[in-house]
Amino acid sequence: MKTIALYSIKGGVGKTAAAVNLAYLSSRFFPPTLLCDLDPQGASSYYFRISASKKYNSDKFLKGNKKIYSNIKATDFDNLDLLPSDFSYRNLDIELAEEKNPQRKLKKNIEELSNDYQLLFFDSPPNLTLLSESLFAASDTILVPLIPTTLSIRTFMQLKDFFDSNKLNSSKIRPFFSMVEKQKKLHRDIINEFRNTPGFLTQTIPYNSEVEKMGLYRAPINAVQPNCPASKAYLHLWEEVIKLTELQE
Amino acid sequence: MRTIPETVYFRTKSTLSPETLAQQILPAGWILTLLSSAKEQQAFYDTFEWHAFEKGVAVQKKERILFLIDINSGQKSASVSFQGNPLSFFSETLPDSLLQTKLCSLSNIRAFSRLCLLNTFTTSYRLLDQNSKTVAIIAVESIQLTGHERYQEEIHLLALTPFKGYEEDTTPIHQSLSALEAVHSVLNFRELFLLLMKCTKQRVQGYSAKFLTKLHPDATIHESALLLLEHTFSVMLLNKNGIKKNIDSEFLHDYRVALRRTRSIMKLLMGIFNERENQYFLNLFRTLGKRTNDLRDRDVYLLRKKSYCNSLPPNLQPSLIPFFDNIAESRKVFHRRLSRYLSSSDYQVSLNEWEGFLNQQTLPDVERTPQGSRSTKSVALETIKRAWKKLLRRGRQISRETTDTELHALRIDCKKLRYLLEFFASIFQPDAIIPVIRQLKELQENLGAFVDASVQLHFLHQQLELIHSDTLFAASMGGLMVTLFQKKEEARLKFNKTFTSFDHEETSQLFHDLLTGSSL
């Protein structure tokens, strides 16, 4: 099982939209796929009309494997399952701190799922905490959506510095530009500046109103509007990402 | 493997409409939306010996895909694309896949034959909860059984498959469906499979090549022998069609084993039947056996094709193609010949005579058949003991040179003892008979390897005549003969050790325990 995190220190960068659409595409090409919603806001879960069962909470999540497996729910799409988020996840960091070896906890907790899924996507909350560190260890690839703005780039640099100072494997980090508005000069300039930076993915995701409508459709845009520009961009992004996972020959 | 919640099948008297379902089973705010509607054919496959069912697997062809399904849970464990609904196929002919590996492990020698072909009309609906989230699929199915004129009735089903994580949410739906007046039974996948088999006149696990006739130790040996012969006769009858339809080589193999067992029963248990009749049928079955030899020989060589090729260097392997093509061609001729005979009135007359003989209920004249009224137990103990002692005596007499003739003869003695143990197995305790058979099996395998290599060498030697100027073929024959000669000599060298192990105190004790009657 390959694991891919959609991660950003900053919120509102298109993380969840990318997680939902990439997981959907993954379920079609490398079934079955699991999307693990780690954000207490539960946007991924909302997009799939899924809420966690009443008995599920961060405690169960920290117990891992079987407890996780029994709370996974099928989405409306074949071969795509989701581990829904729960509002109690807001305390995950505090609870994680009480665990032994918290940085390795997430990796350990999903071990048994490797027989069930080819690919696992994490949709992570926007911050840099102990949970994020655990996520970094559990992920083979960390996709970082960046809006081509100064602040977004700054948070990316912060992330790089964090990896370097903690001697983490920064080659896992694969940023890509998201919510790109080509009519904006600043966006064009930043993309041009970073286009050839090692590790950056070449595909960009355009700002598209159809993506915002995912909240209305409550389904991946690639499932309901496969021909819209954003869907095509996600498909190309997926093709770029899958090459990183070694699943594609 | 990711598990999907089990589908539950509700057998209904007629096709239920979505309106009826919506009215009668859905909670407020829940709806059904049409997902798909399709007419398709599905088929189930298994070997003649039910290898898949025995291991808890159903082999289903549906939507151009062949599935392996766990019979108890209904979970699909492997799949591969598959065209058409052939009458039979071999696992080895499937594309490389997990399914192929799994099917080959069930059987690669027996063909998977089509058990039934079903026309299915399915309309599937998504069951949406109050949040418009799909929580289950409800499929309304009508199944028509094809080719079974006597069963015209359609099977109407309603299949409820909850989505993972929504099993509890759909429990009330399950309960409401169960309570519907139109529903007359609730089935899991296994029960549905058995229902379909029953409707298509398939006897699940109705055939086994194993010798499972249950005898009573105090019954007369005449009664028991008739039971054994009835069993071997039924095996012959059951395999006839498979031979004629050319499904796989095991039909003929089992047919021949049944013939040999029939002859063994009559020869080993002398004095049970009228001597004249006994001799008549022995001759009849010997002649019948001979009629099958040529076809079986070809089958055996064709089954060895892969191992022959693999034992030669790649550059020599193509030279065997014409050799095997010739065997396949001659096989066709022998198959036609045997099939014609099996359909002939001569064969039918013989069968009728034999059936008439088996149906004689009265014990023959006691003076002419003094053994017939003895108890099965006493005859079993005596004949097994005699055969065992004979085997030991003959084995001990085998010279240091261990000639081919000596080993061939000893193999036959082994076989006779093995048959007796199998015929009477049911009157002994399993823990007494199984170790004895295991000890004998080791010796049989050794002698079998020897005779096998010896017969093949002889056959290949005959093939040398075919070589004119084909040097590659000559080299291949040479290569194969060297390999077989080595195997034969290895088996010969191993014989003394194997026989010593059989002719050992431990084995004697096992036979002693068996024959003193305490294990009865």
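Domain bounds in this predicted model come from an automatic or database domain assignment. On that basis, chain B is divided into domain 1 (8–199), domain 2 (213–370) and domain 3 (375–520). The C-alpha centres of domain 1 of chain B and domain 3 of chain B lie 48 Å apart.

The largest nonpolar core has 111 residues. Within this core, B:Val59, B:Leu158 and B:Phe424 have the most contacts.

In chain A, strand 6 spans residues 141–146. Of its 6 residues, 5 are buried, so the strand is largely enclosed by the rest of the structure. Strand 6 of chain A pairs with strand 1 (residues 2–6) of chain A in the parallel sense, over 3 bridges. Here A:Leu6 stands opposite A:Leu143. Strand 6 of chain A also pairs with strand 7 (residues 173–177) of chain A, again in the parallel sense, over 5 bridges. In this pairing, A:Val144 has A:Pro175 as its bridge partner. Between strand 6 and strand 7 of chain A, the chain passes through helix 8 (residues 150–165) of chain A. This β-α-β crossover is right-handed.

The two chains also touch. In total, 11 residues of chain A are in contact with 10 residues of chain B. On the chain A side, 5 of the residues touching chain B are nonpolar, 1 is polar and 5 are charged.

One residue of chain B was examined individually. B:Arg296 is found in helix 8 (residues 275–303) of chain B. With 18 other C-beta atoms within 10 Å, B:Arg296 is partly exposed. This class follows because a buried residue needs 20 or more such atoms and an exposed one has 12 or fewer. Leaving aside neighbours within four places in sequence, B:Arg296 is in contact with B:Leu252 and B:Arg256. B:Arg296 and B:Phe428 are 132 residues apart along the chain, and their C-alpha atoms are separated by 34 Å.

Methods: Residues are numbered from 1 along each chain as its sequence is written. Chains are lettered from A and ligands numbered from 1 in the order in which they are written. This is a predicted model: local features need pLDDT of at least 70, side-chain atom pairs count only at pLDDT 80 or more; totals for chains, interfaces and linings use all residues. A nonpolar core is a set of buried Ala, Val, Leu, Ile, Met, Phe, Trp, Tyr and Cys residues joined through C-beta atoms within 7 Å. Two residues are in contact if their C-beta atoms, placed from the backbone, lie within 7 Å. Ala, Val, Leu, Ile, Met, Phe, Trp, Tyr, Cys and Pro count as nonpolar, Asp, Glu, Lys and Arg as charged, and the others, Gly among them, as polar. Helices (H or I, at least four residues) and strands (E, at least two) are DSSP runs, numbered from the N terminus. Two strands pair if DSSP finds at least two bridges between them. A crossover is right-handed if, with the strands pointing away from the viewer, the path from the first strand over the helix to the second runs clockwise.
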